[in-house]
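Here's a quick tour of one chain, done as questions and answers. Have a look at the sequence and the model, then read on.

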Amino acid sequence: MKKVVKFGGSSLASAEQFMKVGDIIRADESRRYVIPSAPGKRDSSDTKVTDMLYRCYELAENGQPFNKQLNQIKERYNEIIHGLKLDMTLNDEFEVIKKQFTAKAGSMYAASRGEYLNGKIMAKYLNYDFIDAANVIRFHRDGSFDAETTDHLLSEHLSASERAVIPGFYGSMKNGTIVTFSRGGSDITGSLVAKAVKANLYENWTDVSGFLVADPRIIRDSAVIHTITYMELRELAYMGASVLHEDAIFPVRKAGIPINIRNTNAPDDDGTMIVASTCRIPKYTITGIAGKKGFVAVNIEKDMMNAEIGFCRKVLGAFEDNGISIEHMPSGIDTMTVFVDQQEFEDKEQKVISEIQDSVHPDTIDLESDLALIAVVGRGMKSTRGTAGRLFSALAHAHINVKMIDQGSSELNIIIGVKNEDFNDAIKAIYDIFVVAQL
């Protein structure tokens with residue numbers, strides 16, 4: 001058995017949290033490869049180390065004194081080292097960082113030092129090998145990720161190491177220039193390591209006991225999803241549900257490695273298993289609910305639209321030419337509606353409308369703003385009759401007007417559009433009918 005374990009920033013924010021992580025790793029001999037994030041917030045008023053590094057580097061880049069801010073970061077790490085009673089110092093590393101900041105090595109280099117330094121401490125604490133992610137995670141010269149070289153480097157380095165710590169979030173180009181993933185990218189590093197070592201399981205430890213059915217800011221004490229497929233997770237992540245970086249799914253999905261979302265502060269909880277496929281019958285008809293606000297619907301109407309070859313392509317071309325991505329596109333015989341991000345669309349709306357008018361000569365074009373999209377996702381919907389009926393009955397009972405409905409051919413999800421102001425109430429209504437009513 002071989003497990004890769006990744007720990008988020010809140011799990012490593014202090015010496016006390018480090019001790020919890022150490023207990024978790026030592027409790028299972030198969031937890032052999034560890035991916036740490038940078039220290040997160042110790043409490044709600046605290047600042048994440050990554051943000052401290054960004055601010056410190058900004059001063060350096062502008063030619064302003066930054067020693068005070070760098071020393072504050074150093075003190076954060078020294079508190080952890082002293083709390084763990086480790087015989088080590090990061091003085092040499094901080095001297096290098098100071099020189100690199102002065103030389104303006106780049107904000108990506110600055111941000112990556114949070115994980116790098118935490119990795120050094122973790123390796124010392126566990127007595128594991130330390131492998132610098134810059135040596136095994138590779139990016140192309142244009143900054144894009146080099147998956148093939150990375151897999152080769154990781155496999156080569158880790159085959160010679162029984163137990164190792166690999167910092168998350170960053171890698172490098174061939175010339176040594178540091179490049180980072182987007183925020184939350186330590187999840188991706190863990191996934192890449194899991195694929196390279198052919199792990200049996202990738203455990204992603206955070207501060208929640210798994211993936212929740214609905215946003216806990218809207219639904220207090222939301223139920224936990226025990227098992228979810230990669231496809232279901234992709235649908236929910238796309239619509240804003242966030243426990244795992246969505247790009248972390250692809251490497252392990254290809255390799256057939258399941259992901260287990262666990263809680264560092266409640267290690268006995270089972271958490272959520274993310275798998276390629278499962279015969280497990282879900283507890284509820286739906287797996288999860290997620291959504292986003294801030295969309296505009298562009299409604300285009302023209303008689304005999306369905307008989308006009310290339311109509312949709314020409315309409316979508318107007319959005320493409322203006323760099324606007326499409327969220328959803330429900331259509332009828334003589335109508336089509338294009339949902340786009342309102343903030344992205346507002347500055348270009350007249351140009352887009354003009355191009356649509358010129359290319360397809362519609363009878364009318366109407367805009368409806370301040371809309372929200374909600375995805376109701378679940379593999380159980382495919383085999384359950386009346387799911388859509390129950391959904392719309394619940395929304396009608398809550399006096400919510402549905403602006404759009406779109407169901408994928410996989411029957412895995414139903415997307416509905418509502419007004420922004422109805423967003424929270426709609427999610428509560430859906431949760432009540434599919435979860436609370438089934439308890």
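Q: Is Thr180 buried or exposed in this predicted model?
A: This is a predicted model, so everything here is computed from its atoms. Thr180 sits in strand β6, which covers residues 178-180. Its relative accessibility comes to 11%, and the cut-off for burial is under 20%. That makes Thr180 buried.

Q: Which residues does Thr180 touch, leaving aside those up to four places away in sequence?
A: Contact here means heavy atoms within 4.5 Å. With sequence neighbours up to four places away set aside, the partners of Thr180 are Met108, Ser112, Phe139, Phe169 and Tyr170.

Q: What is the phi of Phe169, and where does the residue lie?
A: Phe169, one of the residues touched by Thr180, belongs to the loop between β4 (164-165) and β5 (170-172). At 4% relative accessibility, Phe169 counts as buried. Phe169 is not a glycine, yet its phi is positive, at about 85°.

Q: How exposed is Lys104, another non-glycine with a positive phi?
A: Lys104 has a phi of about 60° and lies in the loop between α4 and α5 (107-126). Buried would need under 20% and exposed over 50%. Lys104 has 45% relative accessibility, so it counts as partly exposed.

Q: How are α3 and α4 oriented, parallel or antiparallel?
A: The axes of α3 (residues 67-83) and α4 (residues 91-102) come within 11 Å and cross at roughly 150°. Angles over 145 degrees count as roughly antiparallel. So α3 is roughly antiparallel to α4, and the crossing is right-handed.

Q: Which residues of α3 and α4 meet, and how many of them are nonpolar?
A: From α3 come Asn67, Leu70, Ile73, Lys74 and Tyr77, and they meet Asn91, Phe94, Ile97, Lys98 and Phe101 of α4. By class, two residues of this contact are polar, two are charged, and the nonpolar ones number six.

Q: Which residues of helix α10 are buried, and what covers them?
A: Helix α10 runs over residues 311-321, and its buried residues are Phe311, Val315, Gly317, Ala318 and Phe319. An α-helix has 3.6 residues a turn, so residues three or four places apart point the same way. The cover over the buried residues of α10 includes β11 (288-301), β12 (326-328), β13 (335-341), α11 (342-346) and α12 (349-360).

Q: How far is Asn200 from Ala255 in space?
A: Asn200 is in the loop between α7 (186-196) and β7 (201-206), and it is partly exposed with a relative accessible area of 39%. Setting aside residues up to four places away in sequence, Asn200 touches Met1, Lys2, Ile257 and Pro258. Asn200 and Ala255 are 55 residues apart in sequence, but C-alpha to C-alpha they are 9.9 Å apart.

Q: What is the radius of gyration of the chain?
A: The chain has 14 helices and 16 strands, and its C-alpha trace spans about 75 × 55 × 40 Å along the principal axes. For 439 residues, a compact globule would come out near 22 Å. The chain agrees with that, because its radius of gyration is 25 Å.

Q: What share of contacts between residues at least 6 apart joins residues at least 24 apart?
A: Of the 439 residues, 52% count as buried. Among contacts between residues at least 6 apart in sequence, the share joining residues at least 24 apart is 74%.

Definitions and conventions:
Residues are numbered from 1 along each chain as its sequence is written. This is a predicted model: local features need pLDDT of at least 70, side-chain atom pairs count only at pLDDT 80 or more; totals for chains, interfaces and linings use all residues. Side-chain values use heavy atoms; hydrogens and water are left out. Helices (H or I, at least four residues) and strands (E, at least two) are DSSP runs, numbered from the N terminus. Buried means under 20% relative accessible area, exposed over 50%, partly exposed in between (1.4 Å probe, protein chains only). Axes are lines fitted to C-alpha atoms, for helices over the stretch in contact, and angles run from 0 to 180 degrees between N-to-C directions. Angles under 35 degrees count as roughly parallel, over 145 as roughly antiparallel, 65 to 115 as roughly perpendicular and the rest as oblique. A crossing is left-handed if the near helix is turned anticlockwise from the far one by less than a right angle, and right-handed if clockwise. Ala, Val, Leu, Ile, Met, Phe, Trp, Tyr, Cys and Pro count as nonpolar, Asp, Glu, Lys and Arg as charged, and the others, Gly among them, as polar. The radius of gyration is taken over C-alpha atoms; the globule rule is 2.2 Å times the number of residues to the power 0.38.
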